[in-house]
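Student: I would like a close look at one part of this model, with the rest as background. Please keep to what the coordinates show.

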Amino acid sequence: WYLTSNRFREVIRHRLITQIEDATGGQVEIGHLEWNVASLRFGIESLTIHGLEAPADAPLLHIDRIDASLRLVSLLGRQLRFKSLVVDSPSLNLILYPDGRTNQPTPRTRRVGSQQGPLDNLFDIAIRNLVVKNGVLQVNEQKTPFDFRASDVTANLGYQARPEFYAGKVTIGKFETYWKDYRPFSSSAKLDLRLYRTSLEIVSAGITSEGSDLSFEGKLTDFLQPRIQLKYEAKLDLRQIGAVSRVMELQTGTLEMSGDASFDGLRIASAGKLKLSDGAWIHPDVHVSGVSGTAAYNLDQDRLQVSHILASALGGNVSGDITMVHWNVPRREPEEAVTSHAKVSTSGHMLVAREQSASAKFDLRDIQVDKIARLFATPRMPLNELHPAAVAEATAELAWTGSPQFSELRLDVRAI
């Protein structure tokens with residue numbers, strides 16, 4: 001009877017408030033706490049954590065409701081094991097002040113004046129099924145909505161006073177990604193980071209999805225004027241990439257990438273190396289397979305250049321360069337009007353609508369003519385039935401505006 005009484009409920013509520021305040025250093029408010037001891041279920045109505053923001057500002061964190069099903073609880077060891085955790089309407093408000101300070105408080109576990117020492121463990125959580133809905137991340141005046149579903153999540157957060165930082169490790173067994181008009185896909189992830197007052201260090205991070213994986217490390221410096229610098233490696237299953245991006249011409253192949261990237265709020269830049277293995281592009285008008293090779297690439301916010309291409313294809317060797325302008329503009333679908341210089345009138349000004357465009361030049365050596373015939377063979381023009389036996393040299397120019405589906409290829413073949 002005592003375990004379900006209001007008196008015991010208040011004891012637990014105050015104990016929970018104390019634990020969260022020690023871990024975060026903020027002032028904590030909990031509106032209402034409810035639980036079922038027999039089923040290890042509990043709910044929290046209105047959880048608020050106040051940081052160093054002014055009283056008139058939105059709190060550091062507010063959550064409308066939390067519903068949880070527990071497997072194990074150790075408040076003293078700050079260990080929680082959940083069967084399920086549902087977080088409804090979390091609002092995280094990060095304020096960056098002009099002098100570099102934030103509204104992030106210092107955990108009470110170890111204050112700044114203490115001696116340097118090992119990390120204090122703030123919490124250790126494992127969750128079989130996690131749902132976060134109707135969330136909002138606000139950094140100063142910029143708001144970003146988010147929703148999240150994942151399974152087999154673990155999270156550990158520690159704090160060190162000198163040098164002062166939070167150390168976090170997160171693993172996610174499975175989560176679904178939804179982005180723009182692309183098909184959703186499942187992934188797993190690992191993240192090891194350090195959060196300082198004015199910067200974020202990604203010690204290591206990795207995302208895996210079917211046959212594709214991405215790993216990276218780097219830093220975000222100065223939250224007021226953020227600059228991101230990363231080193232990354234990726235291995236992409238092109239068949240999966242084609243299915244997700246709805247570019248069905250990508251049929252097979254593996255693309256490996258390694259390089260550096262930077263972003264400062266206005267400019268993005270990346271450069272590195274590429275390696276393609278057994279790639280294929282299957283289109284009603286052009287189909288080529290068994291392409292392997294290497295290249296270098298350079299990318300900014302508007303232009304992508306792939307240079308020093310050295311590849312084996314069509315039974316011979318290929319070299320060349322590709323340049324794509326407005327690479328980040330959405331592709332034009334075939335049914336849309338083909339107008340490469342569409343103009344829009346706004347407040348008396350004429351704005352030229354940007355379209356993705358690309359051009360490429362290739363030199364081909366020792367290629368097999370029968371493979372060229374198969375490259376352009378169609379039911380109406382079965383060139384592959386000619387079975388030409390010859391070796392040739394060729395130059396090729398490829399260009400498109402709006403989408404690769406509108407590609408135009410010019411090929412000059414010289415038999416040798």
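Student: Over the ring of which residue does the charged end of Arg-9 sit?

Tutor: The ring is that of Trp-35, and the charged end of Arg-9 lies 5.4 Å from its centre. This is a predicted model, and every value below is computed from it.

Beyond neighbours within four places in sequence, Thr-102 touches Leu-52, Leu-94, Ile-95, Leu-96, Tyr-97 and Arg-197. Thr-102 belongs to the loop that runs between strand E4 (79–94) and strand E5 (120–139). Although it is a loop residue, Thr-102 counts as buried because its relative accessibility is 4%, and the cut-off for buried is under 20%. Its side chain reaches the backbone nitrogen of Gln-104 at 3.1 Å.

Strand E4 itself holds Ser-89. With 17% relative accessibility, Ser-89 is also classed as buried. The side chains of Ser-89 and Asp-88 make a polar contact at 3.0 Å. Again setting aside neighbours within four places in sequence, the contacts of Ser-89 are His-62, Ile-63, Asp-64, Lys-133 and Asn-134.

Now the aromatic rings. Searching the whole structure gives three aromatic pairs. One of them joins Tyr-159 and Tyr-166, with 5.2 Å between centres and 55 degrees between planes, a tilted arrangement. Tyr-159 is buried, at 0% relative accessibility, and Tyr-166 is buried too, at 10%.

As background, the protein has three helices and 21 strands. Of its 416 residues, 34% are buried. Among contacts between residues at least 6 apart in sequence, 50% join residues at least 24 apart.

Finally, confidence. The mean pLDDT is 84, and 84% of residues reach 70 or more. Residues 111–116 have pLDDT below 50, and this stretch makes 14 contacts in the model beyond near neighbours in sequence. For residues 335–352 the pLDDT is likewise below 50, with 17 such contacts in the model.

Notes:
Residues numbered from 1 in each chain as written. Predicted model: local features only at pLDDT ≥ 70, side-chain atom pairs only at ≥ 80, totals over all residues. Heavy atoms only, no water. Helix = DSSP H or I, 4+ residues; strand = E, 2+ residues; numbered from the N terminus. Buried < 20%, exposed > 50% of the residue type's maximum accessible area, 1.4 Å probe, protein only. Polar contact = N/O pair within 3.5 Å; in protein donor to acceptor, adjacent residues only side chain to side chain. Contact = heavy atoms within 4.5 Å. pLDDT = per-residue confidence, 0-100. Phe/Tyr/Trp six-rings, centres within 6.5 Å; stacked < 30°, edge-to-face > 60°. Lys NZ or Arg CZ within 6 Å of the ring centre and 35° of its normal.
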